[in-house]
Amino acid sequence: MASILAVDDSASMRQMVTFTLKGAGYDVTEAKDGVEALQIAKSNSYNLVITDVNMPNMDGITLTKELRALPAYKFTPILTLTTESSTDKKMAGKQAGATGWIVKPFNPDQLLATVKKVLG
Amino acid sequence: MEQFHQTFFEESFEGLDIMENELLNLDVGNADNESINTIFRSAHSIKGGSGTFGFTAIAEFTHVAETLLDEMRDGTRQITQEAVDILLKSVDVMRDMLNVYKDGGEMNEDTNAAVQKELENLLGAEGASASNEGNQASEQQTASDGWHISFHPHVEMLRTGNDPVRMMYALAELGEIEVVADISDLPAFVDLNPEDSHLSWKITLTGDINKDDIVEVFDWVEDECDLEIEPIVNKSEKIPDAEDTATSNSSIPAATKEPAEKKSPAKKTGGETASIRVGIDKVDEIINLVGELVITQAMLGQAGGDMSTDKEYNETRMEKLLEGLAQLERNTREIQESVMRIRMLPISFVFSRVPRLVHDLSGKLNKKVDLVTLGEGTELDKTVMEKIGDPMVHLVRNALDHGIETPEQRIAAGKPETGTLTLNAYHKGGNIVIELSDDGAGINKERVLNKARANGLVGANEELSDDAINDLIFHPGLSTAEALSDVSGRGVGMDVVRKNIKSLGGSVRVKSTEGEGAIFIIQLPLTLAILDGQLVKVGSETFVVPLVSIIESIQVKSDNLSGIAGKADLYKLRNEYIPVIRADHIFNMPNDDSQLENRLMVVVEGDGHKAGIIVDDLLAQQQVVIKSLETNYQRVDGISGATILGDGTVALILDIAGMIEIYKEKGVPDPTTPVTPPEGNNSDMAEEAA
Amino acid sequence: MTKAASELNSIIGSELDSDADQYLTFILGSEEYGVDILRVQEIKGWDSVTPIPNTPEYIKGVINLRGTIVPIVDLRQRFNMPEIEYGPITVVIVLKIECADRDRIMGIVVDGVSDVYDVPPEEMKAAPDFGNVVDTEFVRGLATVDEKMIIILDIDHLMSGNEMKETDNISA
C-alpha cells in the first residue's frame, strides 16, 4: 500500500489528513515541520509527500527543495498545501520542485481525490 | 470531523497566546522579523484550520488579520503601534469566536464587525478583497464533440514528479481518448537522459467535455509545458469565445451570519480542559520507576515465599524481607512524586495572562507600569493553576488600580515615574508561594480602619496591629476605593479572592508599608490530593492537622490563661492573646479533663485568625492522602476530609478555619487578635493600651 | 467473619433467578429484615470505626473499605432499639445506596446475617402500620418465608433521609 508523509505544524490538520488517508488504506506518517520531515524522509521511503508551506524551523518550500536534492525523492510527487489566494506560493512551490498543490481549506473528499490523481 | 475539533481548539488557543505574547513584546521601531513570522504563522494556522473544520466566521475574520500580518512580514507595511493594538484586539475577537464555537453561545457580532472594520481600514480600500488572485477567467465553453489537445512537456517537467501517463489516465476518465506520440525530439539513445522529457503528444478527446476539466488535469504543469486545447469543430457555427467576466473566486466566503448555537451564555474564559499535555520525559520517568517497582515486588515475593517454606525464623530471610519493604517504600514514594508531577505545569501559564492585562489596564488608567516576572518555571498542579487565575487577575487589577500611583503622584513622592509590579513564584516546603508586589502607595491603614469601624467590624476603641489592619481588606464589604472604579471592586472583592484561594487549600495575606508598596503572598498546596499533616491525639482518636496551618506547638502554662466572661479561654502568647479551642469540646467528644495546665496546645492559623487547639498528644508528622468524606457521607463542619493511616484506620483531617468558625458560633466573641486585655478580673493581665 | 457470612458473600453476585427477587436477611433483636441482594456489595465482620463529630448517634463513624471512606450506621440505634454489645457474629453489611444525586456506599451494623431468600413479587405483602418501631416509610413490604415474617426494607429511603442530605457547598 502506498505510503504518504504528511507535514504540517498544526496538529489538528495532521490528524485530519492522517485519518482521511489512512481510512482510504494508505500508510501515513506525520511530521510537524520541515526539519522533522526531512529526517524521516531520509530514513524511510514514501510514495507521496504532502506539506504545508508555513511552518517553523523549515518551511514547506525549503523542504521541497531539500527533498528534491535527495536521489530517492527526485521524482516523488510532492504536494504543497496552499491557500487559494496565493498564486505566488503555488509558483514558489513549483519552482522548488513540487509536483503540484492542494488548496486550503479542503475537505476530506477533495484530499482523497487529489491523492488518487497523483498516486493512481 | 468533530474528533479533530478538540485538538484544533487547543492548538488555536495556544496559537492565540503566542500571538498575543509576541505582539506585546514587539519592539515597534525595531521589530524582530522572526517574531512577525511567528505571529503570521499562528494566524495562518488558525485560518487554515478553521476553514477546514467549517468555522467560517473565524476563517473569514482571521484572513483579514493575516493579510495585514503578511504585509508586515514581507516589508510592504510598516509596523506601527496602531497596527499592533488592532491586532491585539483581533486576538481577543478570535478568542471569543473560538469560545463560541467550542462552548456554544452567541457571537459578539458588533464587536467582531467593528474590529474587522478597523483591520480593513488599516489595510486600505481594497482591504477585504485584497490578494484576490484566485480569479480564473473561466471560459464556460462546452464543445459538443470534443477537443484536440497538444501537450508538449518541457524537458524538466518530470523532475517535479509529474507523470504524463497519469495525466493521460485522468483525461481518459473524461471521455474517449486517442493519443499519438511525437518522438521527433528524442536524442540518440546514447545521449538520452531518462530524467528528461523529450516526448510530446497529440490527444483527441471526444465527448461532451468541459474545457475546464481538461485544463484542470494540466493545472500543475501549466508552466512546464506547452499546452493547446482546441475544440473539435464539426458544426459550421463556431461557438464564439465568450470571455466570461472574471468570476471572482473571493477567497473570503460570503459572510454568513453565524446562528446562535445554543442559548447558553458564552463562557468568557477558557475554563477547565479535560486533558493535559505531558512532557515525554515525565512519562519515561514513571515507566522506569514502575519497572523498579516490579523488581521490588519480585524480590518481596521471593523473600516471602522463602520464609513461608522455612519452618523456623531465619534472620537473614527476615532481613531480606525488611530490605525489600524499605525498597518498596522508596519505589512508592518516587512513583508518587513522579505521578504528581504529571499534573504539574509551570506557572507561566497563569503569569502569561498578566502582561496583556497590565498593558491594557495601565493604558486605561494612564499609569506607567513595568511588569517583572520571576520563577515562571515553578510548577504547580493543573487544577490549582486553573483556579488561581481569576484571583491573581483581581490582585493585579487591585495593584494597578489602588496600589500604583499616577506618574504625577509618583514623581511628587520622589519615586520613578514608572511603577513596578513584580510576580514571583517559588516552592517552599510542600507548597508553592506566589508573591505579587508593587512599589505603589501601599494600604492606607487609616482609611481601612475607619471603614472597618464604620462597619462595626472593629470596636471604636479597639487597637489593631498593622498586620491586622492590613488584613482587614479581605473582609467583605470593605472596599475603600473612593469611587468603585470599573476596573476593580465590582462585586469581586478581596473576600472572594481569599475564599477562592482558601477553597484550594491555600492562604493569602498582605504586607504593606504606606508610601512604599504592598506584597500579597499567596500560599498554595502543590497538589490537592496530598497534605503534609501533623498527627495529633484527641481522646482516643487520631486527627490530622494540616502543617500549613500550624505555627507552633507549646505546653500550656496556666499563668497565661485568662477567661472572657467566664466562658472562653484566652492564652497569652508572647504579645498577643489567642483563643483556646478544646478540640474535644468542639467535636462533642466525651472528656473528663478540664485542667489545662501542661496540656499540649497547637497554635494554628486559619483565615487570618490565630487560635490554640488543645490536644492530648502529638504524634508523627507525615504526608497523608486526602480522602473525601463527602463521596459516601457528607460535609462535616470543622473537618476537611479523611485519610487512611498506616494501620488501615481512618483519621479525620481538621479544617482549621472551620473549627475556628464553630468555636465562634458557640457563643464566643470574634477572636481577632486584640492587644488590650479582655475585661475580666484577672488583674495581673492588665496591660497598657497600645 | 462467620462461615455463614462468607458463604453468603459467595452468593452475592452469583446468577440470580430472574423471576423472583432475592433478599439478604439479617437479624435485629427478634425480628428478621431483608434487603435487596442486588444492593449488597459485601459483608464484613465488625471492626473499629472512626467516629465523626457532631453526627447523629446512629452514625457510628467511618471505616476504610479498601481505600474508600464509608460511613457506618448502627441500624439498632437507627430504629431506636436498645443498644447491644458488638460480638463475634456482629456483622456490617455494605450496601450500594441510590441517592438523588449519585450512588453511595454505606454500611449497616446488624446483629447477624441470616440467609438469602427468593421472594417473588406477588408474595410481597403491604406492611401495616407498625406504630413507632420501624417507620413504615422504610418498609417496602412483608414476606413470609418458612413461616417466618421478613420485613423487607427500602434501603434507599432508610439511608438517604434528611440526615444524609448533601450540603454540597464545596469550593464556592
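Trainee: How many salt bridges are there between chain A and chain B?

Mentor: A salt bridge is a side-chain nitrogen of Lys or Arg within 4 Å of a carboxyl oxygen of Asp or Glu. In this predicted model, where local features need pLDDT of at least 70 and side-chain atom pairs count only at pLDDT 80 or more, while totals for chains, interfaces and linings use all residues, the count between chain A and chain B is two. One of them joins the side chains of A:Lys74 and B:Glu195, at 3.0 Å from N to O. Residues are numbered from 1 along each chain as its sequence is written, chains are lettered from A in the order in which they are written, and side-chain values use heavy atoms, with hydrogens and water left out.

Trainee: How many residues does the contact take from each chain?

Mentor: With contact meaning heavy atoms within 4.5 Å, it takes 38 residues from chain A and 36 residues from chain B.

Trainee: What are the mean pLDDT of chain B and the share of its residues that reach 70 or more?

Mentor: pLDDT is the predictor's confidence in each residue, from 0 to 100; the mean for chain B is 78, and 83% of its residues reach 70 or more. Over residues 236–271 of chain B the pLDDT is below 50, and this stretch has 67 contacts in the model beyond near neighbours in sequence.
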